[in-house]
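These are my notebook entries on a single protein chain. I set down what I looked up, one topic at a time.

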Amino acid sequence: MKPGARSPLAIWIALVALTLISVAIAEGALLRSFSFVAITFIAAAKSRMIILDYMEARNTPGRWRFLYTSWTYAVTAVIVAGHAAALYALP
């Protein structure tokens, strides 16, 4: 394992924990729009973990890590904005 790399088991446990949190939020959804946003951002965090750790982008130059991370969160922001626009659109 490279210096600064995380254990694949620890990453897998974190991904499973985030998945279980998402399921718990979805099952107990009191505020539907808040739960959608929370689950979407959890999915973005999981995507970032997969890109950086399993695809080994953590050891790439900083501008590539920035590109991967900003792309992940930009797509997430567009999805959340689209959901908000559809949810709160005037008839």
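I looked up the contacts (heavy atoms within 4.5 Å) and found that residues 24 or more positions apart account for 64% of those with a separation of 6 or more in the protein chain. I note that this is a predicted model, in which local features need pLDDT of at least 70, side-chain atom pairs count only at pLDDT 80 or more, and totals for chains, interfaces and linings use all residues. Residues are numbered from 1 along each chain as its sequence is written, and side-chain values use heavy atoms, with hydrogens and water left out.

I then looked up the secondary structure, where helices (H or I, at least four residues) and strands (E, at least two) are DSSP runs numbered from the N terminus. The protein chain has three helices and zero strands, in the order α-α-α from the N terminus.

Next I looked for a salt bridge (a side-chain nitrogen of Lys or Arg within 4 Å of a carboxyl oxygen of Asp or Glu). The structure holds one: R58 pairs with D53, and their closest N and O atoms are 2.8 Å apart.

For burial, I used relative accessible area with a 1.4 Å probe, protein chains only: buried is under 20%, exposed is over 50%, and partly exposed is in between. D53 is buried at 13%, whereas R58 is partly exposed at 23%. Of the 91 residues of the protein chain, 20% count as buried.

Finally, I turned to L9, which lies in helix 1. L9 is exposed, with a relative accessible area of 54%.
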